[in-house]
Amino acid sequence: MTPSPVEGKMEKKTHELEENEENGVNTEEEEEEEAETKAEEEESEPPSHLPFAPPSASTSELIDDSTTVDPSYVISLIRQLLPSDLDKEKTSASEEKTEKEEPWEESGCILWDLAAAKIQAKVMVDNFILDVLLANLHASKSPRIKEICLGIVGNLACHESLSCKLSSQEGLIETVVQQLFLDDSSCLTEALRLLEAAIQTSVYASWSDALLSEEVLQRVLWILENTLNSSLFEKCIDFILAVIDNEDVAKMLLGHLMKLCLPDIAINLLSSEVEKSGDDMLARTEVLDKTISLVEGLSAVDGFLEVVSSKEKLIQCLCKILKAPDKFEILETCTSAVLVLANLFADENILSVLIGDFSFLEGLFDTLPVVADDIEARNAIWFIMSKVLDEAVDKFSKESLYRLAELILWKSVLIEESMNVQLLQEPQDKSATNDYVRLHGVKKSITMIVQIIEKWSGDESLSRQSDAIERAHRLLNSCSKYL
């Protein structure tokens, strides 16, 4: 029987692996490179953005990346992964692992760990691991084997120095993309993790081209909408955020994702989390944080407001977050919420929806101490405040304006503390202070606060309590430092 092209190729690679294992070196290493290799090994660190393989009973202790690993040992592990008749001995995932699959999995998990180290990753690639993994992805029906293969390639993809070899491996990119149509959540998680790393390398274009198909992008969005697996949900969002953050990749893929209603999908996901009861929402803070991080990333994209059909739903979500009593429990979510809201103010109609909502304004003031350590989020609040207060001075009735003044005085301590932080973090060059303050809406907000409080204080028809008058004097004094 004539062997298939894949079988013939793997037979040739098997003979070369045997020779390399006997020699104890890989095919591309020469003696003159040894000194350079040792130096690289000392400097190499595992990629921070991708995890190691999940520990198993046989590989519970991770290999120390600082330990020198004999190339012949790595080669012997690769040989253990050569495709065999694993699937013929196993008809369903529920059956016990075969005698052949157990050592395969053990060797695969060790290689998964080793692939995080630059030196070991190079040894692996130089010794045909890509051919071996690709053959397994084609031949095996085992979700666990596919997961390990994708996990190893995912760690290899973190090393920029290997990116060209991965992208030039015949059939690899297409095969990886096809794994997105599997039903196993662990395989999907590793596939998206791999793609996230690959589109951040210098060969991003090759990977992005393979993702351009509408069918593929729809599949990614289907996974985002429907998965109940938190790890898969997180990796799906990480992949989309990687698309947004890479300007060149975004030019290739983001427009297509927007046309496939990605913004509305993200808003619907956020709404489903926010609508949960207080305890249920707090129990899912990681999911909530991840979901709003996607909305935040999208809100900064040009054209976001034009393609969103559910702006009101988004505003309702953001308001509910800012009105939540346990803001410190959802700190990251609150931070993202004010940044999204600030981005939304590019639409002038947003202001009219928020201007008369005093509970929203109260929530906005209460968020100041929550984001005190995040200068971007704090500036976003002052920017939002400048818009709202300016509109209030211009449009509010006397009764509404005085109600706003009382709210400001009630929250005066929070406002003063935030102003003091702003003052401390002004540029050292005092000549730039005014531009800095004006840029972030701080000066305008303070000007509006002063106008509102002075109108309230100057109305002799009002009966005011002494403590309120005292707070007004103290707040005006704090404001004077800026004016």
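I looked up Cys317 and found it buried, because its relative accessible area is 4% (buried means under 20% relative accessible area, exposed over 50%, partly exposed in between, with a 1.4 Å probe and protein chains only). I noted that this is a predicted model, in which local features need pLDDT of at least 70, side-chain atom pairs count only at pLDDT 80 or more, and totals for chains, interfaces and linings use all residues. Residues are numbered from 1 along each chain as its sequence is written, and side-chain values use heavy atoms, with hydrogens and water left out.

I then searched for disulfides (pairs of cysteine sulfur atoms within 2.5 Å) and the count was zero. Cys317 is in no disulfide, as the nearest cysteine sulfur, that of Cys319, is 9.4 Å away. I also checked Cys479, which counts as buried because its relative accessibility is 0%.

**Whole chain.** I read off 28 helices and zero strands for the protein chain (DSSP runs numbered from the N terminus, helices being H or I with at least four residues, strands E with at least two). Of its 483 residues, 51% count as buried. I looked at contacts (heavy atoms within 4.5 Å) between residues at least 6 apart in sequence, and 77% of them join residues at least 24 apart.

**Asn136.** I found Asn136 in helix H6, residues 129–139. Asn136 is buried because its relative accessible area is 3%. Its side chain reaches the backbone oxygen of Leu81 at 2.7 Å. Leaving aside neighbours within four places in sequence, I listed Leu81, Pro83, Trp104, Ile145 and Cys149 as the contacts of Asn136.

**H23 and H27.** I compared helix H23 (residues 375–395) with helix H27 (residues 442–458): their axes come within 8 Å and cross at roughly 40 degrees. Axes here are lines fitted to C-alpha atoms, for helices over the stretch in contact, and angles run from 0 to 180 degrees between N-to-C directions. Among the residues making the contact are Trp382, Met385 and Leu389 of H23 and Ile446, Met448 and Ile449 of H27.

**Ser397.** I placed Ser397 in the loop between H23 and helix H24 (398–410). Ser397 counts as partly exposed because its relative accessibility is 35%. I found a polar contact of its side chain with the side chain of Ser400 at 3.2 Å. For that term I used a pair of N or O atoms within 3.5 Å; within protein, one must be able to donate a hydrogen and the other to accept it, and residues adjacent in sequence count only if both atoms are side-chain atoms.
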